[in-house]
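These are my notes from a first look through one structure. I wrote down what I looked up, entry by entry.

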Amino acid sequence: GVANAEDLPILGAPHDGGIDLQQPGTVLMREIVRTDLLGSRLPTQGRIRMGVKGSKGQPQSINTWRFTSPDRGAIEALAARYGGVCADWHEQKASPPNQFQVITQANEVRVLLPQDSLSIHYELWSGSGVARRCDGETCEIPGEDDMVSCPCICFAKQQMACSPHTRLTVVLPDIPFGGGWMLETKSWNAAQEMPGMAALIQ
């Protein structure tokens, strides 16, 4: 026979990389929006880094670009193109913790800027992850199942607890494509200068 709509399982939000088919009668976990409002996002193939950690864990700047990625082939391709040696890299806070890295011999690399390549947010992080993410007016904080919105907490308290997080995603045309490469900085200067630089390049 034909099943009634109320008897059908409800398609919930993706969970752990799969689809969570909830029991009949439960509520959708994620708000339904038009597909043209979902935006576009490249998968992250790796990270572009401007420094290394010293012997005591302190950050140290370097004069050439450093790349990290779970994709060993991509790191080997970068080493072949820009110099350096592919090596194992372990960082407990990274996802996944065990990856590969290369400190290149290049202070310039060729990149392409995809659409919506730059994002800037005020953020506050704790040991368990992001505690706040804000645009200066609307703040998102972790809820029971997803991020929930509230007015800017720093403004309400008249105390700046967050710092700017600027993320630039680029494509590296000289290696096999597997996604975007993200450069992240917490610099106030970068937050002010990079939007103009990215707009000029695009």
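Entry 1, terms and source. I take helices (H or I, at least four residues) and strands (E, at least two) as DSSP runs, numbered from the N terminus. The model is predicted, so I noted that local features need pLDDT of at least 70 and side-chain atom pairs count only at pLDDT 80 or more, while totals for chains, interfaces and linings use all residues. Residues are numbered from 1 along each chain as its sequence is written, and side-chain values use heavy atoms, with hydrogens and water left out.

I found three helices and twelve strands in the protein chain. Of its 202 residues, 30% count as buried; buried means under 20% relative accessible area, exposed over 50%, and partly exposed in between (1.4 Å probe, protein chains only). I then looked at contacts, meaning heavy atoms within 4.5 Å. Among those between residues at least 6 apart in sequence, 50% join residues at least 24 apart.

I looked for nonpolar cores, which are sets of buried Ala, Val, Leu, Ile, Met, Phe, Trp, Tyr and Cys residues joined through side-chain atoms within 4.5 Å. The largest has 19 residues, and Phe-67, Ile-75, Leu-78, Leu-172 and Trp-181 have the most contacts inside it. Helix H1 (72-82), strand E6 (98-103), E11, E12 and H3 each give two or more residues to this core. H1 gives the most, with five residues. A second, separate core of six residues includes Cys-139, Cys-152, Cys-154 and Cys-162.

Leu-78 counts as buried because its relative accessibility is 1%. Which residues does Leu-78 contact, leaving aside neighbours within four places in sequence? I listed Phe-67, Gly-83, Val-102, Leu-172, Ile-175 and Trp-181. Leu-78 and Leu-172 are 94 residues apart in sequence, yet 9.3 Å apart in space, C-alpha to C-alpha.

H3 (residues 188-201) has 14 residues and reaches 21 Å from its first C-alpha to its last. That is close to the expected 20 Å, the expected span being 1.5 Å times one less than the number of residues. H3 bends by about 35° at Met-194, and Pro-195 follows within four residues; the bend is the angle between axes fitted to the seven residues ending there and the seven starting there. Its buried residues are Ala-190, Ala-191, Met-194 and Ala-198. Strand E7 (118-126), strand E11 (163-170) and strand E12 (180-185) are among what covers them.

Thr-185 is in strand E12 and counts as buried because its relative accessibility is 13%. Not counting residues up to four places away in sequence, I found that Thr-185 touches Met-50, Pro-164, His-165, Thr-166, Ala-190 and Met-194.

The peptide bond from Ser-95 to Pro-96 is cis, with omega near -5°. I placed Pro-96 in the loop between strand E5 (87-90) and E6. Where is Asp-116 found? I found Asp-116 in the loop between E6 and E7. Asp-116 has a positive phi of about 55° although it is not a glycine, and its relative accessible area of 57% is why I noted it as exposed. Gln-158 also has a positive phi of about 55° and is not a glycine. Gln-158 sits in the loop between helix H2 (153-157) and E11, and at 61% relative accessibility Gln-158 counts as exposed.
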